[in-house]
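Read the following with the sequence and the coordinates open side by side.

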Amino acid sequence: MSDTVKLTTDSKELELKALSGSVGPKVIDIRKLYAQTGMFTYDPGFTSTASCDSALTYIDGDEGVLLHRGYSIEELSEKSSFMEVAYLLLRGSLPSKDELDGFNNTITRHTMVHEQLSQFYRGFRRDAHPMAIMCGVVGALSAFYHDSTDITDPQQRMIASHRLIAKMPTLAAMAYKYSIGQPFVYPRNDLSYTGNFLRMTFSVPAEEYEVNPVIEQALDRIFILHADHEQNASTSTVRLAGSSGANPFACIAAGIACLWGPAHGGANEAALNMLREIGTPERIPAYIARAKNKDDPFRLMGFGHRVYKNYDPRATVMQKTVREVLSALKVNDPIFDVALQLEDMALHDDYFREKKLFPNVDFYSGIILSAIGFPTDMFTVLFALARTVGWVAHWNEMISDPEQKIGRPRQLYTGPAQRPYVPVAQR
Ligand code: SDX
């Protein structure tokens with residue numbers, strides 16, 4: 001394939017460069033298109049647009065491939081840990097044992113939050129959605145950690161990155177505790193990242209809490225599956241916010257707000273609510289019919305993906321993890337059977353096959369999180385907790401790119417041409 005493409009307009013023929021990455025589709029460099037033609041490209045939803053170059057994550061949607069710095073999600077979810085994946089995404093290579101121990105130690109020592117932050121929670125109603133709390137509290141971090149907001153200083157960027165990764169579990173657990181009227185639990189330095197989160201979430205001062213290693217490993221794997229996913233909507237939000245020079249805490253708060261949408265990270269909560277509404281296998285056909293009905297806004301939540309036109313590799317791992325967790329907890333959740341039968345019926349239905357709609361990462365995750373004890377309104381908070389690693393890695397990659405500039409898309413204007421103002425007495 002040549003390294004140029006020709007574009008013919010009414011008045012001229014342009015030769016545009018076709019740039020190659022290390023793997024995956026080439027891109028047509030249109031940075032000078034407007035200057036040379038006076039025309040913009042048009043791509044609402046960015047279905048055919050590369051917004052940047054990145055070395056973090058590669059997705060082949062047709063083959064169902066997901067790589068983080070070249071390592072497959074299947075291998076990482078089986079053999080790695082969430083902290084090791086965080087190091088890999090941030091630093092670009094798998095750490096030695098000493099490097100991993102050092103990174104774990106650094107993150108562990110940033111898990112406490114400023115004591116006054118706990119006052120923030122008391123301003124919310126107890127029944128506030130935890131994602132609303134997370135948007136507010138994470139955005140407020142810049143008021144407490146102003147000493148790591150100079151984005152031109154690599155040292156401050158790294159401290160802010162460590163603070164965000166370390167404090168998300170603490171803030172998430174506090175949002176849960178506040179919603180159920182239990183006291184906040186401080187982090188402990190002798191627990192793993194995920195074990196610490198489980199203890200801050202589920203322990204009570206009245207008794208000792210033992211981290212269940214099966215649950216700890218399953219949740220750590222779920223965090224790996226949610227760590228990063230190329231230029232998805234919330235990551236693009238973080239990049240766009242960061243491109244203006246906004247501080248990292250504000251950028252991650254913007255990402256949390258975007259992730260909350262049911263078309264994106266909010267789908268895990270919506271998917272379990274949908275499965276519970278279906279309730280029994282007999283009711284599945286009616287819901288599949290609704291999902292296929294153009295006049296019905298209902299969609300199968302946890303199904304479909306902008307990039308994957310094959311099975312989301314994360315959903316495969318997630319389904320396997322459901323079986324492990326339910327058998328370890330000796331839980332027989334009829335909703336899992338509904339999910340399996342719904343998937344089977346959909347995948348044998350021409351509508352879903354023709355539109356290449358497969359289960360995505362959100363289809364099974366809620367079943368595990370519910371079995372562990374999380375309420376559905378905490379599911380997207382857990383997604384945000386894990387995705388903070390990807391958001392922070394993308395933010396660092398963008399800020400340290402010497403060619404970085406503020407993101408500012410254009411538009412196809414469809415409003416009225418210029419017209420004179422009419423005084424109200426003449427209207
Ligand atoms: C995540 O981008 C990422 O990487 C995201 C994510 C990540 O890790 O960051 O992977 C996490 O957000 C996963 C997706 C979670 N969302 C859902 O499960 C919500 C349900 N899914 C959809 O709303 C939809 O599939 C999207 C939003 C995920 C993708 O939408 P697209 O790519 O814009 O596709 P589309 O809406 O144009 O749909 C194409 C066709 C349409 O039919 P036609 O108009 O062509 O006739 O497929 C239909 C849609 O109606 N369709 C569905 C469907 N999803 C798409 N029909 C029924 N049920 C569905 N779930």
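Thr 321 touches Ala 218, Arg 221 and Ile 368, leaving out residues up to four places away in sequence; contact here means heavy atoms within 4.5 Å. The model is a predicted one, in which local features need pLDDT of at least 70, side-chain atom pairs count only at pLDDT 80 or more, and totals for chains, interfaces and linings use all residues. Residues are numbered from 1 along each chain as its sequence is written, and side-chain values use heavy atoms, with hydrogens and water left out.

Thr 321 is part of helix α14, residues 313-328. Helices (H or I, at least four residues) and strands (E, at least two) are DSSP runs, numbered from the N terminus. Thr 321 counts as buried because its relative accessibility is 0%. The cut-offs are under 20% relative accessible area for buried, over 50% for exposed, and partly exposed in between, with a 1.4 Å probe and protein chains only. The side chain of Thr 321 also reaches the backbone oxygen of Val 317 at 2.8 Å. This is a polar contact, defined as a pair of N or O atoms within 3.5 Å; within protein, one must be able to donate a hydrogen and the other to accept it, and residues adjacent in sequence count only if both atoms are side-chain atoms.

The loop between α14 and α15 (334-347) holds Lys 330. Lys 330 has a positive phi of about 50° although it is not a glycine, and its relative accessibility of 75% is why it counts as exposed. A positive phi, near 50°, is also found at Arg 69, a residue other than glycine. Arg 69 sits in the loop between β5 (65-68) and β6 (71-72). With a relative accessible area of 24%, Arg 69 is partly exposed.

Where is Asn 232 placed? It is in the loop between α9 (213-225) and α10 (233-243). Despite the loop position, Asn 232 counts as buried, at 13% relative accessibility. Its side chain is joined to that of Ser 234 by a polar contact of 2.8 Å. Beyond four places in sequence, Asn 232 touches His 264 and Arg 387.

Helix α8 (residues 193-202) is mostly covered, with 9 of its 10 residues buried. Among the buried ones are Tyr 193, Asn 196, Phe 197, Leu 198 and Arg 199. The cover over the buried residues of α8 includes α3 (82-91), α4 (97-108), α7 (154-180), α9, α17 (362-372) and α18.

Next comes the nonpolar core, a set of buried Ala, Val, Leu, Ile, Met, Phe, Trp, Tyr and Cys residues joined through side-chain atoms within 4.5 Å. The largest such core has 109 residues, and those with the most contacts inside it are Val 138, Leu 171, Leu 275 and Phe 374. Helix α18 (residues 379-399) supplies the largest share of this core, 14 residues. Setting aside residues up to four places away in sequence, Phe 374 touches Phe 197, Leu 198, Thr 201, Phe 202, Leu 219, Leu 369, Phe 379 and Leu 382.

Met 131 lies in helix α6, residues 130-144, and counts as buried because its relative accessibility is 0%. Its contacts outside four places in sequence are Ile 256, Trp 260, Thr 380 and Val 381. The C-alpha atoms of Met 131 and Phe 379 are 9.4 Å apart, while 248 residues separate the two along the chain. Arg 408 belongs to the segment after α18 and counts as exposed at 62% relative accessibility. From the C-alpha atom of Arg 408 to that of Ile 256 the separation is 21 Å, and the two are 152 residues apart along the chain.

The ligand remains. Of the 24 residues around the ligand, His 229, Leu 300, His 305, Arg 306 and Arg 314 come nearest, where a residue is near if one of its heavy atoms lies within 4 Å. By class, this shell has 10 nonpolar, 7 polar and 7 charged residues. Ala, Val, Leu, Ile, Met, Phe, Trp, Tyr, Cys and Pro count as nonpolar, Asp, Glu, Lys and Arg as charged, and the others, Gly among them, as polar. A polar side-chain atom of His 305 lies 2.6 Å from an oxygen atom of the ligand. For Lys 294 the corresponding distance to a ligand oxygen atom is 2.9 Å, and for Arg 299 it is 2.9 Å. The protein covers 77% of the 1100 Å² of accessible area that the ligand has on its own; accessible areas come from the Shrake-Rupley method with a 1.4 Å probe, and for residues only the protein chains shown count as cover.
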